[in-house]
Amino acid sequence: MDAKKVLEDLKRRFPNEPEYHQAVEEVLATIEEEYNKHPEFDKVNLIERLCIPDRVYTFRVTWMDDNGNYQTNTGYRIQHNNAIGPYKGGIRFHKSVNLGILKFLAFEQTFKNSLTTLPMGGAKGGSDFSPRGKSAAEVMRFCQAFMLELSRNIGPDCDVPAGDIGVGGREVGYMFGAYKKYTRQFQGVLTGKGREFGGSLIRPEATGYGTVYFLRAMLKTKGDSIEGKKVLISGSGNVAQYAAEKVLQLGGTVMTMSDSDGYIYDPEGIDRAKLDYIFDLKQVQRGRIKEYVNEYPNAKYVEGAKPWFEKADIALPCATQNELNEEAAKALVANGCIAVAEGANMPTTPEAIKVFQDAKILYSPGKASNAGGVSVSGLEMTQNSERLSWTAEEVDAKLLWIMENIHENCVKYGTEPDGYVNYVKGANVAGFMKVAKAMMAQGVF
Ligand code: NDP
């Protein structure tokens, strides 16, 4: 494989999809050496078949708002690769959603799911609909309209969606209800469901907890721990909230949280009581993070900025893609940051990753450190198939085992001659080999 040529070809065939190109470029650069040790891969042009999704569904979603006006959005489902299990990946509802973003997410998901050791292929879906500012009735009507089309293309052994940005327990519940009504089947077709109808305990916590378990494993390689460390967190959604909770449980101090409008910095740290306030603000009131400073006036709110220029030991980007650039990375390193673990998908730009790796600080890509979410989704599928529910302790123990196993695999495939662990390379090579071997065994399609 000539990685440069493969990428150029994809850019020519699929222009205007920069996030997809970015994700493919990162993977190709790190797997090229390993790939070229296997001439049998190139004989069947495996790389092209791994980069291009199996299929892409695009559909119109029409729904009625509270004023009786008809609104139209675009819905998507990218079924990227099912070599090792049914398609699996979240659904994102956000105004920025487009084909290129979902293709990058589905591509990344394929490697991430492979890393978990569970039998799941890669997929992603969503819509340019934003639940922000919409009433619950509007969100419900949208979810029902979205599922009317999507229900034809998913199923418990075919494709099992979950949540992502803008899709939490409420939206998953509405979509599950719609699927059930249209198909007349009660099936484990979505994960992240409510506990009363097949949802797994620890699924809401899983991505954030898993990210911090992974961070802990990275720090352990340096004989260090989270105890006493100051931590910057971006985002204030599902991943950010539970990452903050686990940091507190392990003795760290959370200094910041954010949303797309700005960030809050609390010089005294966001303690348990303050985090409970944020849980209520975001999950119940559906408010904005800036409201925090009304409740805790010693904190500051910085409009239109990201938290990366504050001084801390650890950074956990948990909001969205490309939210941490080169300038921010340099500031983090200059301020003494020793570890960055991604809770979000591809939050760090390629230039920023280079800054971290050149400085030899601990840095893990989302496909490794945020894999806890999809792992517990996989465990939810198992519980649904068994028609059993496991205890929180059982699920949490399995989550911890999976995160430590992913960490071990990253170390195995990513350790460089000087002992520095390149977690990007480790995750990509480990994730790739399993999918590649499965594709080779199944013949050419
Ligand atoms: P939520 O919708 O619960 O929260 C997203 C948070 O990120 C919000 O605070 C939101 O602020 C902020 N955000 C969204 N878009 C932007 C933007 N363009 N610029 C700045 N901030 C933004 O989503 P999740 O917590 O579930 O997801 C966060 C990240 O984690 C995503 O990258 C997702 O793909 C990834 N992820 C999620 C998993 C899960 O299980 N939920 C699993 C693995 C990865 P605002 O309210 O202003 O939009």
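I started at the ligand and found one of its oxygen atoms 3.0 Å from a polar backbone atom of Val239. I count a polar contact as a pair of N or O atoms within 3.5 Å. This is a predicted model, where local features need pLDDT of at least 70, side-chain atom pairs count only at pLDDT 80 or more, and totals for chains, interfaces and linings use all residues. Residues are numbered from 1 along each chain as its sequence is written, and side-chain values use heavy atoms, with hydrogens and water left out.

Next I looked up side chains at the ligand. Arg92 puts a polar side-chain atom 2.9 Å from a ligand oxygen. For Arg203 I read 3.0 Å, again from a polar side-chain atom to a ligand oxygen. In total, 25 residues surround the ligand, each with a heavy atom within 4 Å of it. Asp164, Thr207, Ser260, Arg288 and Asn345 are the closest.

Then I turned to helix H8, residues 203-220. Helices here are DSSP runs of H or I, at least four residues, and strands are runs of E, at least two, numbered from the N terminus. H8 bends by about 30 degrees at Tyr209, taken as the angle between axes fitted to the seven residues ending there and the seven starting there. Of its 18 residues, 15 are buried, so H8 is largely enclosed by the rest of the structure. Buried means under 20% relative accessible area with a 1.4 Å probe, protein chains only.

Last, the sheet. I traced seven strands in an open, mixed sheet, ordered E9-E8-E7-E6-E10-E11-E12. Strands pair if DSSP finds at least two bridges between them. E8 (262-265) and E9 run antiparallel, joined by four bridges. Ile264 has Tyr301 of E9 as its bridge partner.

Conventions. The expected span of a helix is 1.5 Å times one less than its number of residues. Buried means under 20% relative accessible area, exposed over 50%, partly exposed in between (1.4 Å probe, protein chains only). A polar contact is a pair of N or O atoms within 3.5 Å; within protein, one must be able to donate a hydrogen and the other to accept it, and residues adjacent in sequence count only if both atoms are side-chain atoms.
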